[in-house]
Amino acid sequence: MNQKTTLVLLALAVITIFILVCVLLAGRGVTGGEPSLPPYCPSVTPSAQPWTHAGHSQLFADLSQEELTAVMSFLTQQLGPGLVDAAQARPSDNCIFSVELQLPPKAAALAHLDRGHPPPPREALAIVFFGGQAQPNVSELVVGPLPHPSYIRDVTLERHGGPLPYHRRPVLMREYLDIDQIIFDRELPQATGLLHHCCFYGRQGRNLVTMTSAPRGLQSGDRATWFGLYYNISGAGFYLHPLGLELLVDHKALDPTRWTIRKVFFQGRYYESLAQLEDKFEAALVNVVLIPDNGTGAFWSLKSPVSPGPAPPLQFYPQGPRFRVRGSQVASSLWTFSFGLGAFSGPRVFDIHFQGERLAYEISLQEAIAIYGGNSPAAMLTRYVDSSFGMSKYATPLTRGVDCPYLATYVDWHFLLESQTPKTLHDAFCVFEQNQGLPLRRHHSDIHSHYFGGLTETVLVVRSVSTLLNYDYVWDMVFYPSGAIEVKFHATGYISSAFLFGAARRYGNQVGQHTLGTAHTHSAHFKVDLDVGGLENWVWAEDMAFVPTAVPWSPEHQMQRLQVTRKRLETEEQATFPLGSTHPRYLYLASKHSNKWGHPRGYRIQVFSFAGEPLPQNSSMERAFSWGRYQLAVTQRKEEEPSSTSIYNQNDPWAPTVDFSDFINNETIAGEDLVAWVTAGFLHIPHAEDIPNTVTVGNAVGFFLRPYNFFDQDPSFDSADSIYFRGDQDATTCEVNPLACLPQAAACVPDLPAFSHGGFSHE
């Protein structure tokens with residue numbers, strides 16, 4: 001062996017030793033004694049991907065920033081130079097209040113989706129306040145086609161039968177600011193002696209804030225609102241700190257300088273003005289309760305006094321997410337649908353398919369109301385109709401790891417409300433798949449044969465949150481591997497409170513030294529446009545009855561035999577079920593087609609709710625939310641009945657723009673395209689544990705849509721997540737039991753993005 005060969009062999013030996021050392025070190029820590037971290041799990045960018053080509057998802061996609069800008073530019077050109085930015089508009093101005101997607105007609109949408117026809121024109125709906133016209137009014141204008149608009153169509157007459165009265169318009173933020181200016185700069189200085197004595201009045205009252213009530217008056221045409229005053233507690237909810245001072249502000253005039261205080265309430269008594277209250281105080285004729293302003297302690301704050309502990313449990317995707325979000329469309333191996341936010345109505349999903357078959361055209365929130373009681377004027381009068389404030393206008397950024405799982409996919413929302421330029425709400429939605437920690441189905445057999453079969457309950461969730469004044473509503477649409485859909489909302493946030501005096505405990509519970517937690521109801525209304533096996537559907541009601549029967553093998557004995565009762569409902573009246581009444585335990589929409597066992601293919605509507613009593617029908621404002629009468633109602637679907645409510649109902653509930661009870665007029669529901677309207681809600685009597693915040697536990701209501709003979713068997717049987725093994729098999733091997741593979745399949749750490757927050761956009 002020559003020298004050159006020897007050197008080559010030595011070099012190869014050194015390289016081999018080096019590689020072996022590297023391999024050994026790769027399995028040990030830098031100390032030489034600890035294993036290295038496992039690799040990161042497969043992942044995708046933790047945010048939605050833009051939709052880069054025309055497709056089905058664009059049909060229901062909320063307007064983009066570019067489309068909103070194009071609509072605003074076109075409207076500004078067409079409506080002339082008299083438009084004022086809504087953020088600065090006074091009642092006598094013309095302004096564009098809102099722009100959002102105008103949903104396409106269902107027939108045109110289905111022609112495109114199912115039969116390949118051209119898509120219907122993409123359009124926007126603009127609401128314009130014309131305060132500067134001789135007869136001030138509100139108009140609704142359809143603008144299209146997008147993204148390059150060329151026409152405006154006034155649909156106000158078509159939809160509402162005439163011009164919308166101006167007093168029905170929602171209150172602009174500018175109007176609230178002008179009211180505050182009148183209260184703090186003109187009115188409160190008239191009672192400085194009293195306010196210094198009771199309420200630490202200073203800095204022109206800037207340690208105080210106002211809170212609106214609604215509706216705004218006692219009869220059609222009124223625009224007079226009771227405003228309560230509260231301590232402005234920095235970093236904590238002011239809602240728990242009432243002073244007992246409430247002011248009735250008449251703000252109907254188009255000129256804010258003509259707005260007046262019509263009545264004053266202070267700690268149990270009424271006065272004609274703040275000046276009169278001050279005079280009586282100076283004459284020692286007012287019994288004053290001193291209200292401390294030191295509400296910044298832990299009792300009121302959401303800042304926990306406890307130091308952070310170990311990190312809470314974290315769910316992750318060991319082999320990457322099993323769904324994708326593209327534009328407004330979500331797709332998994334089982335489900336596809338489009339999602340969005342109505343600017344005023346809130347979350348909605350469209351074109352919902354399970355295993356490639358459409359189950360529903362639309363499932364959407366329509367309205368939420370809260371009806372209060374109390375012995376102060378604001379509390380006793382309040383009936384909040386939340387669409388008027390804007391369920392999505394007041395949507396909030398979702399906080400990663402609290403509002404949604406840390407690794408959820410977060411989606412932004414673009415909107416144009418009370419502004420001339422579009423804005424973006426970051427992280428407005430989240431989409432995630434979650435292991436519920438519960439078997440969807442399972443059986444363990446120890447009799448005759450030994451086996452186990454089961455499937456963990458994993459669900460696909462779309463979530464958004466609306467913060468409407470004090471309350472936070474968590475809106476969920478949940479999709480199950482069994483073909484079921486769950487729609488629900490949780491309530492949390494701060495309770496609304498009133499000053500404690502007199503017989504206050506008739507209206508709630510005391511939750512602070514001078515604070516009453518006022519009893520109230522929450523109700524939400526949903527539109528469910530099911531298309532069960534097609535557009536032609538029927539409504540079936542099924543229940544049970546015990547029938548006296550002679551025992552067949554011993555006729556001299558009687559028994560009570562349980563049997564199923566079945567009835568097909570033919571008219572809208574038959575398919576209307578008032579809140580609190582007895583209604584069939586099984587109610588489902590069915591197609592004309594049957595499953596292999598001869599039963600109509602159906603989807604059952606199962607409501608879970610403990611709603612309070614609806615407002616009595618002899619109330620002068622009940623028709624504004626007459627949907628609250630009904631737990632469930634099924635009607636013919638009509639394009640001219642797109643929603644059960646109106647944003648104009650809040651400020652004129654005595655002459656409502658939309659009265660849902662008009663939808664129910666005894667038309668046939670046999671073999672028609674049908675919509676189910678569902679109400680879910682609960683009674684809330686606030687209590688000590690609602691301080692500082694109401695928790696979501698026990699405060700969730702909604703409904704399920706469950707297959708009922710729609711399939712030939714449980715579709716989750718085909719799930720790749722299913723587990724089955726017999727007693728004679730080794731369940732610790734991957735070939736028998738996929739769970740046995742987890743130590744290898746999940747031998748990774750989640751690739752967590754840095755924490756981020758969408759900010760505070762409604763300051």
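**Labels and what backs them**

Author: In the protein chain, residues 24 or more positions apart account for 66% of the contacts with a separation of 6 or more, where a contact means heavy atoms within 4.5 Å. Before you ask: this is a predicted model, with local features needing pLDDT of at least 70, side-chain atom pairs counting only at pLDDT 80 or more, and totals for chains, interfaces and linings using all residues. Residues are numbered from 1 along each chain as its sequence is written, and side-chain values use heavy atoms, with hydrogens and water left out.

Reader: What makes D427 buried or exposed?
Author: Buried means under 20% relative accessible area, exposed over 50%, and partly exposed in between (1.4 Å probe, protein chains only). D427 has a relative accessible area of 12%, so it is buried. Across the protein chain, buried residues make up 53% of the 763 residues.

Reader: And which label goes to N709?
Author: N709 has a relative accessible area of 28%, so it is partly exposed.

Reader: What is the phi of N709?
Author: About 65 degrees, a positive value although N709 is not a glycine. N709 lies in the loop between β33 (700-708) and β34 (723-726). D427 also has a positive phi, near 55 degrees, and is a residue other than glycine, but D427 is in strand β18 (residues 423-445).

Reader: How many helices and strands are there, and how do you know?
Author: There are 10 helices and 34 strands in the protein chain. They are DSSP runs, numbered from the N terminus: helices are H or I with at least four residues, strands are E with at least two.

Reader: What makes β6 and β7 a pair?
Author: Two strands pair if DSSP finds at least two bridges between them. Here 5 bridges join β6 to β7 (residues 224-231), and the two run antiparallel. Within that pair, L208 stands opposite Y231 in β7.

Reader: Why are β6 and β10 at the edges of their sheet?
Author: The open sheet has 5 strands in the order β6-β7-β8-β9-β10, with antiparallel pairing. β6 (208-212) and β10 (269-271) each have a single partner strand, so one side of each is left without a neighbour in the sheet.
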